[in-house]
Amino acid sequence: MQNNQPLSTLTPNSDSDNIADDIKNTHATATALSRYIEVLLHASESPLTADDLKKHLMISQDEFDVALAVLEERLSHSVLTLAKTASGYRLQIKDSYSRIIHQVFPERQETLSQALLETLSVIAYKQPVTRSDIEHIRGVSVSSHILRQLFDKGWIMEKGHKDVLGRPALLHTTKAFLDAFGLTDLKELPELPDLENFKVDG
């Protein structure tokens, strides 16, 4: 006889390594699956892709899409929101609550220097670029400290070399950069008029 107990009321069997047995033997409603997705996103230290979630829950694309829609609807009444980044899905506090967080926990608010933001913007909008290209665009030299900060954050990487004298390294942004700014693709970057007509030489 099929067990029609809602998936949301179950806990993983002690005899299994994951929740696969529970899902197989349970009438998995979209609401129940959405709760499992929410739990996994809460527990994960990094974003999870759709493929990750479907694999863990052993569900189809259609089941995933419906469950995700249910989760988004439920979160519309929550302080959390479901964000999709280049690395996958994650839960985060809604922007409307950022003010109180910064007031109570000011140490959590990271202040990025104008020079760092300008350097990062040039790389993001005009990649691949060399250090010399960045200096040409900004009109000032690029501090090694700023580049080191961007490398340490994992926001930029070296990939390839420009075919000019000295073969300088070409700088690109990373998935971590997209994740940090809540983007799934570079196409989502807003227009930047100051750089719109600039073309890197060579």
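**Burial and surface.** I started with burial in this predicted model: of the 202 residues in the protein, 32% come out buried.

**Fold.** I counted nine helices and four strands. Walking along the sequence, I get the pattern α-α-α-α-β-β-α-α-α-α-β-β-α. I also checked contacts between residues at least 6 apart in sequence, and 52% of them join residues at least 24 apart.

**Helix H3.** Next I zoomed in on H3, residues 50-57. Which residues of H3 are buried? I found Leu53, Lys54 and Leu57. Those three sit on the same side of H3, because the arc they cover around the axis is only 95°. I noted that a lysine, Lys54, is on the buried list, while Lys55 is exposed. Asp51 and Lys55 are the exposed residues on the face turned away from the buried side. Just past the end of H3, I saw that methionine 58 takes a positive phi of about 55°.

**H2 against H3.** I then looked at how H3 meets H2, which spans residues 30-43. The two helices pack at an angle of about 120°, and their axes are 11 Å apart. I logged the crossing as right-handed. From H2, the contact uses Leu33, Tyr36, Ile37, Leu40 and Leu41; from H3, it uses Leu53, His56 and Leu57. Sorted by class, that contact has seven nonpolar residues, one polar and no charged ones.

Note on methods:
Residues are numbered from 1 along each chain as its sequence is written. This is a predicted model: local features need pLDDT of at least 70, side-chain atom pairs count only at pLDDT 80 or more; totals for chains, interfaces and linings use all residues. Side-chain values use heavy atoms; hydrogens and water are left out. Buried means under 20% relative accessible area, exposed over 50%, partly exposed in between (1.4 Å probe, protein chains only). The arc is that of the directions from the helix axis to the C-beta atoms. Axes are lines fitted to C-alpha atoms, for helices over the stretch in contact, and angles run from 0 to 180 degrees between N-to-C directions. A crossing is left-handed if the near helix is turned anticlockwise from the far one by less than a right angle, and right-handed if clockwise. Contact means heavy atoms within 4.5 Å. Ala, Val, Leu, Ile, Met, Phe, Trp, Tyr, Cys and Pro count as nonpolar, Asp, Glu, Lys and Arg as charged, and the others, Gly among them, as polar.
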